[in-house]
Amino acid sequence: MSEHKKPTVSVVLLAYNHLDYTKLCVENLYRYTTDVDYELITVNNGSSDGTEEFFNSLPNEKKVSFPKNVGVDRAINSGFRLAEGKYTMNLSNDIVPTSRWLKNLVACMESDPKIGMAVPVCNYSSNRQQITLPYRSMEEMQNVADQYNHSNSRFWEDRLRLVTYTCLFRTDTIQKIGGFDEDFNPGSYDDDAISFRIRRLGYRLVLAADTYVHHFGSVTFNNEYFEDNLAVRNRSLFHQKFGVDSWVASEIDDTLVALADCRKTDPVRILGIGSSCGASLLQIKNKYRRWGNSEVRLFYLTTAQETLADLATICEPCVFGSPDDVGRFFSGGGFDLIVVEYDTGALAYPEGFFQQLISMVTENGRILTTVTPETRPRIEAAFKEKGFSACKNINFYFSFGKTPESKPLL
């Protein structure tokens with residue numbers, strides 16, 4: 001008797017009403033997912049518009065149907081428990097699959113056993129997962145996506161969190177942790193929680209920006225979230241569970257990233273100093289990847305102990321301490337880029353601090369440092385007083401709620 005062959009991917013499709021979206025999703029799933037061996041698991045979350053009857057008419061064997069809405073997390077987890085594939089995909093009914101969408105995501109996961117989640121870009125999302133492609137109809141969208149969806153590792157971005165409108169997981173990992181945390185049920189911050197939990201287990205989270213799907217948006221649950229104030233409640237719950245604010249932890253400083261010159265092709269070492277979870281440094285690393293350099297290592301000195309757990313997932317190493325001791329913690333130096341996210345106006349002795357940094361940066365390296373308009377003259381004076389004017393690769397950039405701008409020291 002032959003052994004049961006397990007699929008590569010278990011696709012768990014969740015629907016709550018909006019049958020027209022569901023039919024469009026299923027139609028395009030069947031049409032554009034012929035290049036990956038998958039099983040379909042349908043979950044009807046208490047729909048009243050014929051969704052259950054439609055799901056029952058489909059040829060897939062695994063079907064879950066609830067008589068009433070039990071919440072996103074409980075519903076999707078019921079499908080996760082039935083998954084037998086190497087990977088499990090959660091698929092919302094307001095997603096329209098495209099050419100090679102799942103094949104590309106599988107290729108991303110297969111490239112590194114430490115990738116625990118992979119999400120494609122789309123037209124409607126927060127968390128910088130949205131891009132704009134030119135189309136005015138679903139037919140045009142599929143043509144544009146067919147041209148766009150070509151697997152390219154340069155467009156894989158490491159992230160601290162991912163919005164999971166559709167997301168590919170490792171089945172053994174998702175089943176081990178029990179799927180989405182049902183404390184957040186019916187939803188909101190549940191994708192933040194699963195992102196942080198999987199990353200803190202040692203896995204990478206990847207936004208596969210080489211792959212595009214259409215997303216109609218949160219058509220089902222927005223009113224429920226708003227009326228029940230779930231976003232406020234669950235944001236607080238997330239902080240209780242993980243010790244940080246998800247949005248703050250994942251915030252990227254666009255000014256900083258724009259200033260980083262990422263054209264160096266040799267191995268790169270980047271040191272961060274501040275109190276963040278390293279999202280901006282991680283985005284600089286992604287920027288290097290776009291230029292073809294995947295040999296980038298991150299280091300961090302944090303003044304906020306609560307950020308260590310997340311910094312440890314992307315840096316090697318990270319330490320907790322005072323910026324004044326940066327030379328002692330990272331005595332080897334040799335950094336191609338030093339990023340100071342710390343409020344330099346709070347330094348008691350900025351001259352000594354920056355003298356350490358100058359000795360730690362490579363000859364052609366660069367220092368990016370935050371300042372406010374009020375503290376900039378003092379820091380410039382400190383450079384000049386100590387003869388630092390010979391260093392041409394120091395940039396100040398304003399932050400802390402000010403209008404971003406940048407100006408080289410010389």
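D181 is partly exposed, with a relative accessible area of 22%; here buried means under 20% relative accessible area, exposed means over 50%, and partly exposed is in between, using a 1.4 Å probe and protein chains only. This is a predicted model, in which local features need pLDDT of at least 70 and side-chain atom pairs count only at pLDDT 80 or more, while totals for chains, interfaces and linings use all residues. Residues are numbered from 1 along each chain as its sequence is written, and side-chain values use heavy atoms, with hydrogens and water left out.

So what does D181 pair with? D181 makes a salt bridge with K241, and the closest N and O atoms sit 3.1 Å apart. (A salt bridge is a side-chain nitrogen of Lys or Arg within 4 Å of a carboxyl oxygen of Asp or Glu.) The pair ties together distant parts of the chain, 60 residues apart: D181 is in the loop between α6 (171–176) and α7 (190–200), and K241 is in helix α9 (residues 230–242). Helices (H or I, at least four residues) and strands (E, at least two) are DSSP runs, numbered from the N terminus. K241 counts as partly exposed too, at 37% relative accessibility.

## Other salt bridges

By that rule there are 22 salt bridges in the count. One of them joins R199 and D310, with the closest N and O atoms 2.9 Å apart. This pair also spans distant parts of the chain, with R199 in helix α7 and D310 in helix α13 (residues 308–311), 111 residues apart. How accessible is D310? D310 is buried, at a relative accessible area of 0%, and R199 counts as buried at 2% relative accessibility.

Then there's R204 with D112, whose side chains meet in a salt bridge at 2.8 Å, N to O. R204 is partly exposed, with a relative accessible area of 23%, whereas D112 is buried, at 18%. Elsewhere, E39, K62 and E84 are joined in a network of salt bridges.

## Helix α9, side by side

Back to the helix that holds K241. With 13 residues, α9 reaches 18 Å from its first C-alpha to its last, close to the 18 Å expected at 1.5 Å a residue; the expected span is 1.5 Å times one less than the number of residues.

Which residues of α9 are buried? They are L230, N234, L237, F238 and F242. These residues cover an arc of only 110° around the axis, so they end up on the same side of α9; the arc is that of the directions from the helix axis to the C-beta atoms. The face turned away from that buried side carries the exposed residues V232 and Q240. After α9 comes G243, with a positive phi near 80°.

Q283 sits in helix α12 (residues 279–290) and is buried, with a relative accessible area of 15%. The Q283 side chain makes a polar contact with the side chain of N286 at 3.1 Å. (A polar contact is a pair of N or O atoms within 3.5 Å; within protein, one must be able to donate a hydrogen and the other to accept it, and residues adjacent in sequence count only if both atoms are side-chain atoms.) Leaving out residues up to four places away in sequence, Q283 touches E157, R159, I252 and V257, where contact means heavy atoms within 4.5 Å.

Y124 lies in the loop between β6 and α5 (138–148) and is partly exposed, at 42% relative accessible area. The C-alpha atoms of Y124 and V213 are separated by 9.8 Å, although the two are 89 residues apart along the chain.
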